[in-house]
Structures are given as structure tokens and as C-alpha cells.
Amino acid sequence: MTPLLQVRDVAKFYGPRVGCEAVSFDLWPGEVMGVVGESGSGKSTLLACLSGQMAPDQGVVIYDTRDRGPMDTRAMSEPERRMLMRTDWALVHQNPRDGLRMGVSAGGNVGERLMAVGARHYGDIRARAVDWLGRVEIAAERVDDRPTAFSGGMQQRLQIARNLVSGPRLVFMDEPTGGLDVSVQARLLDLLRGLVREMGLSAVIVTHDLAVVRLLADRLMVMKDGRVIEAGLTDQVLDDPQHGYTQLLVSSVLQV
Amino acid sequence: MSEYNFAYLDEETKRMIRRAILKALAIPGYQVPFASREMPMPYGWGTGGVQVTAACLIPEDRLKVIDQGADDTTNAVSIRQFFEKTAGVAVTEETARASLIQTRHRIPEMPLTEDQILVYQVPIPEPLRFLEPRETETRKMHALEEYGLMHVKLYEDISRHGTISTAYAYPVRVEGRYVMDPSPIPKFDNPKLSDCPAIQLFGAGREQRIYALPPYSRVVSLDFEDHPFEASKADADCALCGAGDSYLDEVIVDDAGGRIFVCSDTDHCRARRAAGHLGAEGAPYEEADA
């Protein structure tokens, strides 16, 4: 079996400052990788490099494409990369406003990816949109409402539906639960966990919330100052942190 | 006459515009940037169309200018007078006699011929503009043929109104490649874009773009398989000439809700009345009308 995503020595610099440096890992099919660390530790930079939003200054990111096997995403042509973004990959932003078209109805938002790959039957597109709204627990009668009429949690779920409708294999999530209150967070996590298991998705989840990775991630990387300081199975890292910073991070979680 | 260079613009400018036109004809539906000049009229009054017309005019031309199909509205009259004054070309209101027609938002009812050029005034050349505000992004979408977003707009129409309610500026695909805004012509006119013997040129002055359809281009209106494109018009006959197959304007005739429908193409209506056709409200044609 080949890894779905092979990351080798990726680095990104902002002038003299380090965005992220010397990051290497393999992501296997069906695996969820968590990336945690404090603000400014390079998590989002790393995610942007992996998902093709940003070109890394060093290193390679090799993705196992469906039809042509492992390919370096940086060496791909732009149309190929954008095609991946629309079909095989999904990107869930922290702020749903970045990932949704706020002026377009919920159904149109979900249907956009289908239309982008050539769906031209209104009835089919709508049926799939309604189906996906149901799977993320949005009532079917809200299909024609705009995201502006949705609550924050619903917007986030809509963004997830919009991304997963094309049946991607790899999902990049940037703080998917940021800005949501705890009960909504819990439901969203429950939903995400169900979808990831059911669809056999691979995912890279960037977050500062250890509870999120505890629930979703199989493996965990801890970042500080642009470098990975500790990596391993999630439970192992969280229950027996070795690095001083990880110990600090784990002990900083407030207990209720 | 001697104060102006022929057709107002200087020769260098006309050459620049002609180069853009040739490029536009070579890549049907592609928006070619050009260095739009300030014209002695405000943006939105057809500065793009006027520049394209000026670059195409020759002294032997016979010019017709229409605004929403009418020869006698302010915009049409002033542009016609502009070229009479600066180019000294002959003008006409008859579609069949014109060699160059500048139009705002209509295609004449009478089929055009290979000897004619149709110049459109375009306010916003980018069909994806209201869905994607970034010009860098829309250019990339055109380059990579990423046109799914155009269907999102049509999807929104159907979900909100039950049918594709876009009635003008209805997006088309040219020769299976570029998606193009046909300028705000009613979608009734969309089928006339395709396989047209005349050269069709589109000029957007403020947005500094020229695009074109060479003769006999294949132009397809976008739609869904289960909601096919439909060229629509008001469900009535022209009250003056009785035409049932021409695009109609609604005219309010009193303050008690009375209204009639008349041909938007005034020349078409006049010609039909001259030939003896009479609608419900029409008076018999007299030569003095013309």
C-alpha cells in the first residue's frame, strides 16, 4: 500500500522568519492526522503548503492520484491542481465565510462542486444537495436559504457538506470547530467523526483544541516555532507527553 | 468636418482598436483588453461601441444606430449625429440598407447578411463578474475553462423562481470554448447570435474589453438538461403592426392601468405597417410617419 500523502522536508519561509521547517510525514488512506500547537507555531502555513494554497520553499508533497499514482503536487500543472481541489481534495476553513458563497443558497453551495465537474441536471443536483444537507443535519426545507440566514454551527456544517459532496479522499481542515460554542462543537465533532469513518476519509486537521484531536485524530504532530517537536499516536502523545512543550500544552487544558 | 479626423479618433488609436478586433475575431468569445479612450460622452452611453464603430467605419458605410431596438431614442439619435458630424457617413434607419449597425441591447428582427457588421455596446463584459468579484480569478477561470460557477447562477434562478429567470444578458458558450456575456440583449435574441452571417463585435469602453463573434459561429445558451433554454417574449402581438414573432416592449398608455405591447424594433414595425399589416391599436400607415 502506498501512502495517500507523502510529505518530505517541507519548509516555508517568510523572509528571514520561519513559517514551518523540516516537516515530514506519511498519511495513509483512512487515517486522520492532527496538527496541534499554539498560535504562530506554523500549523496553518503547513496546511496551506500541503493543500497547494501556498508553494513550499523546500521539500516535496507527493499525492497518490487516482489515475496516475503518486505525483508531486508542486510539479503538477495548475489545471491539474485545481481539478484536485474540486474533486479529490476538500478544504474546510475555520471561518465558514471563507469557504462558502454567502450570496448563493445552501443548495447552490453544495451543488457547485457537482456543476464544476459537469453535472447539468438540475433535479439530480438538487436531490444530492438535499441528501447532503440531511447528512449534516440541516433540514431539507432550508435548501433555498442563504448561508447568511444560518447560525455559525449550521454554516460550518454546510461548508462540510459542500466539500464532501464530491466524494473526496483527502480533507484538509483548519480549526473546524473554532468559534463555535461547546455544545455545537460536540455535535459537529460527532458528525465529523461519523462521516470520516463512514466515507473512509483521510484528513489533516489543524487545531489548537486538544479535545478535537483526541476525538478525531489517529496520529498527532505537535508543532512549535515552525518545527514538529513531537509526533506519535494521539493517545500516546496526549497521555504520555515527552517534550516539555507538549507537557505544558496538555496540562494547560482547563478541567471542568 | 475638417476639424475632426475621420470618425473622431486619430488613426493610431483606430489601428490599436482594429488590432484588438482582429485578435477578438481570431479567438471567438475571448475578451481582448484594449486601451479605451475617453469619448465625448459619459461611460455607460456606449463609449465601447462607439470606439469599435469608429475603428470599423469607412466613408462608403451606411450607419444605423439603435437603442433597445429603436432608432429614435436619445442614445441612438446622438450617436448617429455624432458620426454624421465627425465621419460624414450616410445614415439610415432601415436594417436592410445599413452596412454597419451599432446597437444597444437588441439584435434587429430582420436577419443580417454577410455584408453587415453589428456592433454591441457592452456595460459589463465579464459573465462571471457577479459570482466572482476578482478579475485575476475570472481570467484564470476562463483560461482553465472552469465554468461550473455559471451554472450555479442558473441553479439559483431555478431554486428561487422555478425557471431560469435570467431574461437578459443570458450567458452563452462560444464554439464550445469561452463563456461570453452577449451584452444585455433579451434572451429572445440569443438564438440569433448563433450561425449569424454578419460579423458581431462587442465593445466595453469603461471595462476596456473587446470581444467578437466571427460569421457563422456556434453560440449555445447555457442551460440544464431538465430546464432547457427558452427564448421568451411577452405573450402578445404587436398592437401597431400585429407581429406575433417579434420582441415586444410594454407601453403604459394611460394612468388607469392601460397598456399595449409594441415591437421594440421600430424599423421592423414600420416596415410591416408600410406593407399593410395592422395591429389592434394601429392606424393605417402614412408615408409622413417615416
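This is a predicted model: local features need pLDDT of at least 70, side-chain atom pairs count only at pLDDT 80 or more; totals for chains, interfaces and linings use all residues.
**Note on the A/B interface, cores and backbone of the model**

1. Five salt bridges are counted between chain B and chain A. One of them joins E146(B) to R82(A), with 2.7 Å between the closest N and O atoms.

2. Polar contacts across the boundary between chain B and chain A come to 13 residue pairs, with both partners at pLDDT 80 or more. The largest share, nine residues, comes from α5(B). By type, the residues on this side of chain B are eight nonpolar, four polar and nine charged.

3. In terms of contacts, 21 residues of chain B meet 22 residues of chain A. The size of an interface is often expressed as the accessible area lost when the parts come together. Between chain B and chain A this buried area is about 1900 Å², and carbon and sulfur atoms give 56% of it. Of the area that chain B buries against chain A, 28% is supplied by E146(B), V152(B) and Y155(B), more than by any other three residues.

4. The largest nonpolar core has 65 residues, and the members that touch the most others are V110(A), L158(A), I160(A), V171(A) and F224(B). Leaving aside residues up to four places away in sequence, L158(A) touches L100(A), A106(A), V110(A), L133(A), I138(A), P147(A) and F150(A). Another core, of 31 residues, lies apart from the largest one; M16(B), I21(B), V65(B) and F82(B) are among its members.

5. Two backbone angles deserve a look. Most residues other than glycine have a negative phi. E145(B) is not a glycine, yet its phi is positive, about 55 degrees. E145(B) sits in the loop between α4 and α5 of chain B. Its relative accessible area is 38%, so E145(B) is classed as partly exposed.

6. The other case is S183(B), also not a glycine, with a positive phi of about 65 degrees. S183(B) belongs to the loop between β7 (178-180) and α6 (190-193) of chain B. Is S183(B) buried or exposed? S183(B) counts as buried, because its relative accessibility is 0% and the cut-off for buried is under 20%.

Conventions
Residues are numbered from 1 along each chain as its sequence is written. Chains are lettered from A and ligands numbered from 1 in the order in which they are written. Side-chain values use heavy atoms; hydrogens and water are left out. Contact means heavy atoms within 4.5 Å. Buried area is the accessible area (1.4 Å probe) that two parts lose on being put together, summed over both. A salt bridge is a side-chain nitrogen of Lys or Arg within 4 Å of a carboxyl oxygen of Asp or Glu. A polar contact is a pair of N or O atoms within 3.5 Å; within protein, one must be able to donate a hydrogen and the other to accept it, and residues adjacent in sequence count only if both atoms are side-chain atoms. Helices (H or I, at least four residues) and strands (E, at least two) are DSSP runs, numbered from the N terminus. Ala, Val, Leu, Ile, Met, Phe, Trp, Tyr, Cys and Pro count as nonpolar, Asp, Glu, Lys and Arg as charged, and the others, Gly among them, as polar. A nonpolar core is a set of buried Ala, Val, Leu, Ile, Met, Phe, Trp, Tyr and Cys residues joined through side-chain atoms within 4.5 Å. Buried means under 20% relative accessible area, exposed over 50%, partly exposed in between (1.4 Å probe, protein chains only).
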